Amino acid sequence: MRLIIFGAPGSGKGTQAEFICKEFGIPKVSTGDMLRLIIAEGGELGAKISDILKKGELVSDDMIIRMVEKRLQDNDCKKGFLFDGFPRTLLQAKGILNSAVDIDAIIELEVADEIILERLSGRRVHIPSGRAYHVVYNPPKTSGIDDITGESLVHREDDKEETIRNRLRIYRDTIDAIRQVFTDTSKIKYLKIKADGDLYEIANTISAHLKEVVHLD
Ligand code: AP5
Ligand code: MG
């Protein structure tokens with residue numbers, strides 16, 4: 001199972017990725033999570049990446065592609081994976097299509113911008129795992145604490161209104177061209193999912209579609 005999940009910032013990619021990866025036994029390959037881990041390690045590279053993320057701009061294609069290629073060599077990716085937040089530019093999208101990696105299905109989450117601002121202002125994340133919570137819609141068992149590790153949750157630095165608006169603008173400016181690259185090929189199942197409702201209902205809808213994809217193989 002090789003999957004991609006697309007969607008605007010705050011559309012629920014990371015949240016739905018948790019459900020999908022658990023159900024289908026595949027790892028989540030999230031470029032955003034990987035970048036935040038490099039920032040958490042400190043150092044010059046971390047500081048440079050931090051500056052880019054704080055502005056809501058994109059990290060260079062070169063660095064992202066190298067990071068993903070390295071991650072795909074890990075053993076856990078042999079049985080499949082779910083890309084979250086990658087590809088994000090035309091160059092990254094064409095890079096996948098021209099590589100030996102055959103994608104089975106793409107899930108695109110559709111959510112209106114006004115819902116996104118509310119979701120991101122209440123989001124709390126566990127940086128080491130990338131797990132995301134929401135203070136109202138998906139709260140941890142104990143406020144401010146990750147359910148699994150007991151470690152602290154944080155408010156992401158790029159979840160400020162001005163940065164969110166820039167991230168949304170970049171997403172809306174690039175998604176049509178990226179979608180086109182993948183819908184032009186009939187080999188990949190493209191699933192558009194309305195993602196502004198209950199997160200468990202969305203997870204059930206995605207699961208039902210993906211089971212059909214598995215049966216098609
Ligand atoms: P990345 O980490 O990928 O961020 P993003 O795309 O902006 O998406 P988010 O993680 O903010 O949102 P999400 O869709 O995962 O939503 P979530 O599930 O958390 O990238 C960050 C930055 O890294 C980029 O801006 C860029 O600088 C850089 N970068 C990353 N990849 C790159 C690449 N390939 N190339 C270049 N640069 C790259 O949900 C949000 C909140 O809503 C949570 O609180 C959640 O609990 C809640 N929620 C989820 N679903 C629901 C629901 N149905 N109802 C109510 N609440 C919900
Ligand atoms: Mg995410």
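Predicted model: local features only at pLDDT ≥ 70, side-chain atom pairs only at ≥ 80, totals over all residues.
# Ligand 1 and the fold around it

Reader: Which element gives the most to the shell around ligand 1?
Author: Residues are numbered from 1 along each chain as its sequence is written, with chains lettered from A and ligands numbered from 1 in the order written. Helices (H or I, at least four residues) and strands (E, at least two) are DSSP runs, numbered from the N terminus. Giving four residues to the shell, the element in question is α2.

Reader: OK, and which residues come nearest to ligand 1?
Author: A residue counts as near if one of its heavy atoms lies within 4 Å. There are 35 residues around ligand 1, and those that come nearest are Thr15, Glu57, Arg88, Arg123 and Arg167.

Reader: How far is an oxygen atom of ligand 1 from an N or O atom in the side chain of Arg123?
Author: A polar contact here is a pair of N or O atoms within 3.5 Å; within protein, one must be able to donate a hydrogen and the other to accept it, and residues adjacent in sequence count only if both atoms are side-chain atoms. For a backbone N or O atom of Gly10 the distance to a ligand oxygen is 2.8 Å, and for a side-chain N or O atom of Arg156 it is 2.9 Å. For the Arg123 side chain, the value is 2.6 Å.

Reader: How much of ligand 1 does the protein bury?
Author: Accessible areas come from the Shrake-Rupley method with a 1.4 Å probe; for residues, only the protein chains shown count as cover. Taken alone, ligand 1 exposes 1100 Å², and the share buried by the protein is 97%.

Reader: What is the strand order in the open sheet?
Author: Strands pair if DSSP finds at least two bridges between them. β1 (residues 2-7) and β3 (residues 81-84), for instance, are parallel over four bridges, with Ile5 partnered by Asp84. The sheet has five strands with parallel pairing, in the order β2-β3-β1-β4-β7.

Reader: Where is Pro87?
Author: Most peptide bonds are trans. The bond from Phe86 to Pro87 is cis, with omega near 0°. Pro87 sits in the loop between β3 and α5 (90-97).

Reader: Which residue takes a positive phi in the hairpin of β5 and β6?
Author: β5 (residues 123-126) and β6 run antiparallel, joined by four bridges, and Arg124 has Tyr133 as its bridge partner in β6. The hairpin has four residues between the strands, and the positive phi, near 85°, belongs to Gly130.

Methods:
Heavy atoms only, no water.
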